[in-house]
Amino acid sequence: MLIDLKYWLINLIQLAAALALLRPWREPLRPVRPAHILIGVGLGLVPTALVGALNIALAGSFSVFQFLALPAGGAAQFFLFQLLVAAAEELLYRGYIQGAIKRQCRSSALAVAGSALIFALLHLTGGRVGALQFLTPLCCGLLFGAAYEKWRSCTMLSLILAHLLYDLAVINV
């Protein structure tokens, strides 16, 4: 199996928790508009370009979408896993945690910073502790959180697409 079962379970639990806490089924669904998709793609390309530039500056190279070189079953599994991760993390960190901080503190800036900080700290796992493992999710969290707060056209779908695009582009397989 390409991706360890424990990571599937962790993200399924995160998604279930986010859905239970947010109770999205009580909210009317907003129709999907092309702007939601374009914003998601644009938001995903910004950190991808920055990480690419940093890699080129430090290592002299940067390859994207490496998962496409996997056999078809592996690429499909990797894509589905990253979709699960993107949905779980955006619903939990931007949807629930950012909203909860904003309700408690009545400050959008504090909510964005707080949820991004928690998001970044929880990415310091699996033996990978370093500046990039902290700064990259922190910057993505700040960017995605600020866009969600400030742009009416930025929906949860936009954030999930941005997160998915970023992860698919930069994660080495």
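A salt bridge is taken here as a side-chain nitrogen of Lys or Arg within 4 Å of a carboxyl oxygen of Asp or Glu. The structure is a predicted model, in which local features need pLDDT of at least 70 and side-chain atom pairs count only at pLDDT 80 or more, whereas totals for chains, interfaces and linings use all residues. Residues are numbered from 1 along each chain as its sequence is written, and side-chain values use heavy atoms, with hydrogens and water left out.

Two salt bridges are found in a search of the whole structure. In one, the side chains of Lys102 and Glu149 meet at 2.8 Å, N to O. This pair links distant parts of the chain, with Lys102 in helix H3 and Glu149 in helix H5 (residues 131-150), 47 residues apart; helices (H or I, at least four residues) are DSSP runs numbered from the N terminus. Lys102 is partly exposed, with a relative accessible area of 35%, and Glu149 is also partly exposed, at 22%. Partly exposed lies between buried (under 20% relative accessible area) and exposed (over 50%), for a 1.4 Å probe and protein chains only.

In the other salt bridge, the side chains of Glu90 and Arg94 meet at 2.9 Å, N to O. Both residues lie in helix H3, four residues apart, about one turn of the helix. Glu90 and Arg94 are both buried.

The axes of helix H3 (residues 72-105) and helix H4 (residues 108-121) come within 8 Å and cross at roughly 140 degrees. Axes are lines fitted to C-alpha atoms, for helices over the stretch in contact, and angles run from 0 to 180 degrees between N-to-C directions. H3 and H4 are therefore oblique to each other, the class left after roughly parallel (under 35 degrees), roughly antiparallel (over 145) and roughly perpendicular (65 to 115). The contact, defined by heavy atoms within 4.5 Å, involves residues of H3 including Glu89, Tyr93, Arg94 and Lys102, and residues of H4 including Leu110, Ala111, Val112 and Phe119. By class, the contact of H3 with H4 has nine nonpolar, four polar and three charged residues. Ala, Val, Leu, Ile, Met, Phe, Trp, Tyr, Cys and Pro count as nonpolar, Asp, Glu, Lys and Arg as charged, and the others, Gly among them, as polar.

Gly145 lies in helix H5 and is buried, with a relative accessible area of 0%. Gly145 touches Arg94, Gln98 and Val112, not counting residues up to four places away in sequence. The C-alpha atoms of Gly145 and Ala111 are separated by 8.3 Å, the two residues being 34 residues apart along the chain.

Conventions:
Helix = DSSP H or I, 4+ residues; strand = E, 2+ residues; numbered from the N terminus.
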